[in-house]
Amino acid sequence: MSTNTGAVAISAEHVVKRFTLRKTRELKELAVWLLTKRRGVGTESFLASNDVSFEVREGETLALLGFNGSGKSTMLKMISGVLTPDSGRIRTKGRLAGLIEVGAGFHHDLTGRENVYLNGAILGMSEKEIDEKFESIIDFAEIGEFIDTEVKFYSSGMYLRLAFAVAVHTDPDIFLIDEILAVGDEPFQRKCIARIKQFSEMGKTLIVVSHDLDLVSRICDRGIVLQRGVKTFDGQIDEAVSWLRGQA
Amino acid sequence: MANAVLTDFDPSGQGRGLFGVFRHRYLLQLLVRKELKVRYRRSVLGLLWSYVKPAVQFAVYFVAIGMFLGLNETMDNFAVYLFSGIIVMNFFTEAVRNATRSIIDNAALIKKIYLPRELFPVASVYVSAVHFLPQVVVLCVAMPFFGWRWDPTGILMVFIGFVLLLVLSIGLGLLFGALNVIFRDAENFVDLINMVITWSAPVLYTAVLVRDTLGETAFAFYQANPLVVIVELFHRGFWAPTVSHGVELAGQPLAQWLSITAATCIAVFVVGQLVFTKVSKRFAQEL
Ligand SMILES: Nc1ncnc2c1ncn2[C@@H]1O[C@H](COP(=O)(O)OP(=O)(O)OP(=O)(O)O)[C@@H](O)[C@H]1O
Ligand SMILES: [Mg+2]
């Protein structure tokens, strides 16, 4: 286990999340459902999180590892509050920023500037905070004169850079990062990773989801492996990575 | 474990309802601005459309009902009567229709970032209010030319009417916005209601006609529709002070019908909020 002894920042206790896979609601099916009075007739369900418990301490950097569909994004969404667990409990301490997907709040018909404000507010910044950080956000994104252009005319890399720049300028205690470390070209990627490392040095709590195992080994101290919604490994990052590689 | 310091996670669906919206009012403002900007992008007239559309609608009704059906002859200042009712119905139908769509329209955001989800229906209602207020201004500017006399009670009635209208619209917006995530039928259902409701309130005719046709008992049911009383409050504020004789409006005795209407609006709001809170836990996975 981790050597970190700070206060608990995130605690997940026996978290269960089940998804229903078929969601059509036609009159025909509804009638069958009502007549047979059997819930879940013809509906498959899937356990994306099966009795998962863990604790993350303040300042810890945790990687959530696992193959596609193992329930990593689901877990991050439950921590951020987007999804609600069916049973079990998740508690957190401090301000939380979920970088579940960069640019989620971007609107393609708004200009870069308008999107910075909108996205900043979505991520919990006040108007004053955004005003103060605006220059720094633009510098980080290296968008230059395109800032007053509608973002639908941006290249996909530029779009992601601006979105990422806004996200890293929020000032949360806990960062949830899902698959977004590899945005933009190589120099920008390096900058992003440097920024993430800087966060961990500042004592922020990080949970990172990524399939780039070498990268997470460099950023994180601890790794949890999920397999089909079950926590199968929890320990030092190097051990977690080799354990996961052993499963393939 | 020393977990006492952990707060039971407040973002996780146990939202604080509309209080959450109040805490995010800067974001609400930006969402409204975004909505207006996106709706009128590349439009020459822009927000002027919110004058043009009701003006044309008004003209059509005025010609058809005022002139052809002759209400212009039998009523004083039918134009004021008609317009003050139309703006209420337009606000209501636009607010509820857009609030119903608001959750699925913002699916990309709702699936990825936690925010008080009430923000989206409330922003839709807010946008309708932005369209509504200039129409009220037009009405206020026009009224002195129709012989409007200073009438503080009337102004109070319009104010009360608007507050009730807001409560009702937000309540229905929350209700249908949430239901629409599970049953997309809600959208069509709302369109249907909107079509019926335009005729259900005394906008294109007078309430007196309804009473004379249906009789007192049925008239009581008719007045139980909160929109009937709200429209009549607007008539009381905008139209009644422009006519010299006494007028007969629905919702009398006022104290009784105001209480009934207020109770209905609040009940709709409470049900809307409860359903919204319950269903919103499933928004991210259903969308
Ligand atoms: N809203 C939903 N409705 C139904 N099933 C869902 C929903 N969201 C996720 N799932 C299912 O839950 C499982 C876990 O999904 P999740 O996105 O958490 O995987 P992941 O570990 O992030 O995978 P990846 O590495 O591909 O990102 C998948 O089988 C997915 O199909
Ligand atoms: Mg994922």
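Visitor: Which residues touch the most other members of the largest nonpolar core?
Guide: A:Leu65 and A:Leu162 do, in a core of 139 residues. A nonpolar core is a set of buried Ala, Val, Leu, Ile, Met, Phe, Trp, Tyr and Cys residues joined through side-chain atoms within 4.5 Å; buried means under 20% relative accessible area, with a 1.4 Å probe and protein chains only. This is a predicted model, where local features need pLDDT of at least 70 and side-chain atom pairs count only at pLDDT 80 or more, while totals for chains, interfaces and linings use all residues. Residues are numbered from 1 along each chain as its sequence is written, chains are lettered from A and ligands numbered from 1 in the order in which they are written, and side-chain values use heavy atoms, leaving out hydrogens and water.

Visitor: And which helix gives the most to that core?
Guide: Helix 5 of chain B, residues 78–105, with 16 residues. Helices here are DSSP runs (H or I, at least four residues), numbered from the N terminus.

Visitor: What's the angle between helix 5 and helix 8 of chain B?
Guide: About 30°, with the axes 7 Å apart. Axes are lines fitted to C-alpha atoms over the stretch in contact (heavy atoms within 4.5 Å), and angles run from 0 to 180 degrees between N-to-C directions. So the two helices are roughly parallel, a label for angles under 35 degrees.

Visitor: New topic: is B:Gln273 buried or exposed?
Guide: B:Gln273 is buried, at 13% relative accessible area. This residue lies in helix 13 of chain B, and its contacts include B:Glu118 and B:Leu174.

Note on methods:
Buried means under 20% relative accessible area, exposed over 50%, partly exposed in between (1.4 Å probe, protein chains only). Angles under 35 degrees count as roughly parallel, over 145 as roughly antiparallel, 65 to 115 as roughly perpendicular and the rest as oblique. Lists of a residue's contacts leave out its neighbours within four places in sequence.
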